[in-house]
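Here are my notes on the model you sent, as numbered points. They cover the cores, the aromatic pairs and the ligand site, in that order.

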Amino acid sequence: MRKAQPRFARVCECAHANYNMANDLEKIISLCKRRGFVFQSSEIYGGFSSCYDFGPLGVEMKNNIKKAWWDEMTKNHENIVGLDSAILMSPKVWQASGHLTAGFADELVECKSCHKRFRADEIRVRPRSDPQKLKCPECGGELTEPRKFNLMMRTFVGPVEDEAATTYLRAETCQGIYVNFQNVLNSMRMKIPFGICQIGKSFRNEITPGDFIYRTREFEQMEMQWFCSPSARRTTRNGRGTKRGTDAEEKNNWGPDEWFEYWKKERLNWYLRLGIKKENLRIREHKKEELAHYAVAGADIEYKFPFGWKEIEGIHNRGDFDLKNHSKFSGKDLSYYDEETKEKYIPYIIETSGGVDRSFLVFFIDAYEEIKGGRTKTTKPTKEIEILLKLDKKLAPIKVAVLPLVRNKPELVKKAKEVYQLLKLHFVCQYDELGSIGRRYRRLDEIGVPFALTVDFESLKNEDLTVRDRDTMAQERVKISDLVKVLKEKLEN
Ligand code: ATP
């Protein structure tokens, strides 16, 4: 298992100041466990091989990430439809995709430090101290033992475990999209350019999983495959060169290069809009020699993790590799006929491929802040470090908490429970009466609840309560009868 490199949070020494300290993976892992976001899988049996379970808050947050992505693709963009294909597919799919051939079944070693994989028989570099050993030709790091390695997880379909019954758990969701290209095209009467998006589990027998949920063997992907014309259209129907038209008309003339640029920007902006700090994100273009076997061009969106800049999403121009190969292996013609230009071609594909688990980690780390001495200016700073999880409201697992000011006054508890019953029909909501009000606010800040509602003695007279904003700590009184409307507005902005 790959170990996170310990780094220590920069703790702000001045009371009440507010710094981002998200540079300690161990703290993130501990908070995730303590507050029900992520647990080690099969923990009571000592855990299982880099597998993780998402707890009650984790599953809410993960669902919110998936919803934000799905809405982005299917609502904020035109001409993108969804799909949910099976995890198990014909093994021929994996022959056509190249997953069962090429580097996928060689004797491989992986560098424990830079994670590059090499064919064991091609490595010549040995450390002077131990000439029996091989070392990483790129960074000199220690290598894993060589092993016959195929990233695909193999399984059997039916009662007989032989070659004929062998298939694989999918290693990427996009192949399910390619094999359904024609079904979607025909059933939905799609016109190029268009996209198909899918969220689902993928499995890879990673040699060195690690860094918490960054690299696991079972993970979820959010992938969108954009089918476009193989080249930009430079002429209009009357043949006099490109006319400037509406934005949509212009885009209809785009080829793969333009779409590749477009999707890189769109995907980067999605993370920014959901609150990731600009300085922690970058796009890294792939050099020619590192392009995947299917790619014409590629780029990674990278995040500055505590363990370095790492990929969170890949954007590729896959050319016509996928549809061409599936045509060849299946014997089905997967070309597209363009009614307008009267051309027939195999569409090019631009893919955006992100991980749900990796973006979960990114959103969590980026939102994490520690404040030494606490944020409250009205009381003396304490020695404690307060944690604030400044998640975007859309992603926060619990949106609203309802708190009676004290729990030993039955009339306050009764009123708070009434408010909770009212709100839980509309929002993911929590009721909390344990501990002082200050402690309860801290607990809610730590899990990123955007609004805490406190029922106090005035509430009994005036039918109102205080709404506390997580980020500003500002409090305002709101009538209970207006709560649903006010909170909906606040959560949408
Ligand atoms: P890496 O270089 O980190 O192994 P990759 O280039 O193999 O990633 P892709 O095949 O492009 O990854 O997959 C697209 C996305 O799926 C990645 O950007 C990542 O978010 C997610 N992903 C891939 N492999 C894993 C994994 N083992 N665990 C968690 N997420 C993963």
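1. A nonpolar core here means a set of buried Ala, Val, Leu, Ile, Met, Phe, Trp, Tyr and Cys residues joined through side-chain atoms within 4.5 Å. The structure is a predicted model, and its largest nonpolar core has 63 residues. Phe-37, Trp-263, Leu-361 and Phe-363 have the most contacts inside this core. Helix H9 (residues 356-367) gives the most to the core, namely 8 residues. In soluble globular proteins, nonpolar side chains tend to be buried together.

2. Phe-363 deserves a look on its own. Leaving aside residues up to four places away in sequence, Phe-363 touches Met-61, Ile-65, Trp-270, Tyr-271, Leu-274, Ile-276, Leu-391 and Leu-395. Another core, of 23 residues, lies apart from the largest one; Leu-453, Val-467, Val-478 and Leu-487 are among its members.

3. A search of the whole structure gives 23 aromatic pairs. One of the pairs is Tyr-214 with Phe-305: the ring centres are 5.2 Å apart and the planes stand at 75°, so the pair is edge-to-face. The cut-off for that label is over 60 degrees. Tyr-214 lies in the loop between strand S10 (194-203) and strand S11 (218-228), and Phe-305 in strand S13 (residues 297-305), so the pair ties together parts that are 91 residues apart in sequence. Tyr-214 is buried, with a relative accessible area of 4%, and Phe-305 is buried with a relative accessible area of 4%.

4. Tyr-214 also pairs with Phe-307. Here the centres are 5.5 Å apart and the planes are at 70°, so this pair too is edge-to-face. Phe-307 lies in the loop between S13 and strand S14 (308-317) and Tyr-214 in the loop between S10 and S11, so the pair ties together parts that are 93 residues apart in sequence. Both Tyr-214 and Phe-307 are buried.

5. Two arginines sit over tyrosine rings. The charged end of Arg-358 is over the ring of Tyr-214, 3.7 Å from its centre. The charged end of Arg-318 is over the ring of Tyr-294, 3.7 Å from that ring's centre. Separately, Trp-226, Trp-254, Trp-259, Tyr-262 and Trp-263 form one aromatic cluster.

6. Which residues are the closest to the ligand? They are Glu-206, Arg-215, Thr-216, Glu-311 and Ile-312, out of 15 residues that surround the ligand. A side-chain N or O atom of Arg-215 is 2.6 Å from an oxygen atom of the ligand. Arg-358 has a polar side-chain atom 3.0 Å from a ligand oxygen atom. Tyr-214 has a backbone N or O atom 3.4 Å from a nitrogen atom of the ligand.

Methods. Residues are numbered from 1 along each chain as its sequence is written. This is a predicted model: local features need pLDDT of at least 70, side-chain atom pairs count only at pLDDT 80 or more; totals for chains, interfaces and linings use all residues. Side-chain values use heavy atoms; hydrogens and water are left out. Buried means under 20% relative accessible area, exposed over 50%, partly exposed in between (1.4 Å probe, protein chains only). Helices (H or I, at least four residues) and strands (E, at least two) are DSSP runs, numbered from the N terminus. Contact means heavy atoms within 4.5 Å. Rings of Phe, Tyr and Trp (its six-membered ring) pair if their centres lie within 6.5 Å; planes under 30 degrees apart count as stacked, over 60 as edge-to-face and the rest as tilted. A charge sits over a ring if NZ of Lys or CZ of Arg is within 6 Å of the ring centre and within 35 degrees of the ring normal. A residue is near a molecule or strand if one of its heavy atoms lies within 4 Å of it. A polar contact is a pair of N or O atoms within 3.5 Å; within protein, one must be able to donate a hydrogen and the other to accept it, and residues adjacent in sequence count only if both atoms are side-chain atoms.
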